[in-house]
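Subject: Structure handover

Hello,

Here is the structure for you to take over. My notes on what turned up follow below it.

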Amino acid sequence: MHSFGYRANALLTFAVTILALMCAIASVSDTFNHPTPSAEIQISNINWFQKQPHGNDEVSLSMNITADLQSLFTWNTKQVFIFVAAEYDTPKNSLNQVSLWDAIIPTKEHAKFWIHTSNKYRFIDQGSNLRGKEFNLTMHWHVMPKTGKMLADKIVLSGYRLPEDYR
């Protein structure tokens with residue numbers, strides 16, 4: 001007969017193997033999900049657009065953000081982190097990204113929303129490159145699963161322009 005320790009070891013090893021196999025199957029099942037999220041961002045007001053004393057441009061925006069991210073949620077989704085970034089180019093840098101707003105969506109029920117907000121984080125350019133500048137607002141999301149790898153993607157919304165003059 002086998003000892004109690006040997007039997008416990010065999011049972012524990014078998015249980016851990018089955019758990020690892022279930023986690024692998026869960027991760028693979030998410031690859032078959034093809035989400036179709038949608039988002040729209042409208043700039044309702046430019047609260048201020050000023051040059052700071054040390055020469056940098058600063059902008060405060062009011063935005064209406066509408067999104068339906070419910071398709072990002074599966075049985076394996078723990079939460080979704082989203083953020084809106086302003087993206088533009090300058091002579092010094094081909095891509096500048098400034099995070100304006102973020103949120104954590106904990107459940108599918110909260111994934112369809114409309115919010116009116118000002119930028120949560122300061123929109124500052126290192127220099128005076130923002131006057132009359134065209135920029136994109138991009139909604140990025142990171143799907144955090146219960147098990148498996150994290151999924152990240154974005155929707156780029158173009159056609160925004162800052163005023164020529166400071167306010």
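**Salt bridges**

Arg161 is partly exposed, because its relative accessibility is 48%. Keep in mind that this is a predicted model. The side chain of Arg161 meets that of Glu134 in a salt bridge, at 2.5 Å from N to O. Arg161 sits in strand S8 and Glu134 in strand S7, so the pair ties together parts 27 residues apart in sequence.

The count of salt bridges comes to four. Side chains of opposite charge can pair when their charged atoms come close. Two further cases are worth a look.

- Lys120 and Asp102 meet at 2.7 Å, N to O. Lys120 is in the loop between S5 and S6, and Asp102 is in strand S4, 18 residues apart. Lys120 is partly exposed at 48% relative accessible area. Asp102 counts as buried at 15%.
- Lys133 and Asp89 meet at 3.9 Å, N to O. This pair links distant parts of the chain: Lys133 is in the loop between strand S6 (123-125) and S7, while Asp89 is in the loop between S3 and S4, 44 residues apart. Lys133 counts as buried, with 17% relative accessibility. Asp89 is partly exposed, with 42%.

**Overall layout**

Along the sequence the pattern reads α-β-β-β-β-β-β-β-β. How does the radius of gyration of the protein compare with that of a compact globule of 167 residues? The protein has 23 Å, whereas the globule would be near 15 Å. The C-alpha trace spans about 90 × 30 × 20 Å along its principal axes. Of the 167 residues, 38% count as buried.

**Strand pairing**

Strand S7 (residues 134-145) has two antiparallel partners to note here. Ten bridges join S7 to strand S3 (residues 77-88). In that pairing, Ala86 has Leu137 of S7 as its bridge partner. Nine bridges join S7 to strand S8 (residues 151-161), again antiparallel. Here His142 is partnered by Ala152 in S8. The hairpin of S7 and S8 has five residues between the strands. Within that hairpin, Gly148 takes a positive phi near 105 degrees.

**Aromatic pairs**

A search of the whole structure gives six aromatic pairs. One of them is Phe81 with Phe83, a tilted pair at 5.9 Å centre to centre and 35 degrees between planes. Phe83 is buried at 18%, because the cut-off for buried is under 20%.

The pair of Trp101 and Phe113 is also tilted, since the ring centres are 6.3 Å apart and the planes stand at 40 degrees. Trp101 lies in strand S4 (residues 96-105) and Phe113 in strand S5 (residues 112-118), so the pair ties together parts twelve residues apart in sequence. Trp101 is buried, with a relative accessible area of 7%. Phe113 is buried as well, with 16%.

There is also an aromatic cluster. Tyr88, Phe123, Phe135 and Tyr160 form it.

**Surface patch**

Which residues form the nonpolar patch on the surface? They are Phe14, Ile18, Leu21, Met22 and Ile25, with about 520 Å² of accessible area together. Ile25 is placed in helix H1 (residues 4-30). Ile25 counts as exposed, because its relative accessibility of 53% is over 50%.

Best regards

How values were computed: Residues numbered from 1 in each chain as written. Predicted model: local features only at pLDDT ≥ 70, side-chain atom pairs only at ≥ 80, totals over all residues. Heavy atoms only, no water. Pairing = 2+ DSSP bridges. Helix = DSSP H or I, 4+ residues; strand = E, 2+ residues; numbered from the N terminus. Patch = residues over 30% accessible without salt bridge, like charges linked within 9 Å, V, L, I, M, F, W, Y side chains within 5 Å. Areas by Shrake-Rupley, 256 points an atom, 1.4 Å probe, with all protein chains shown as cover. Buried < 20%, exposed > 50% of the residue type's maximum accessible area, 1.4 Å probe, protein only. Phe/Tyr/Trp six-rings, centres within 6.5 Å; stacked < 30°, edge-to-face > 60°. Rg over C-alpha atoms; globule rule 2.2 N^0.38 Å.
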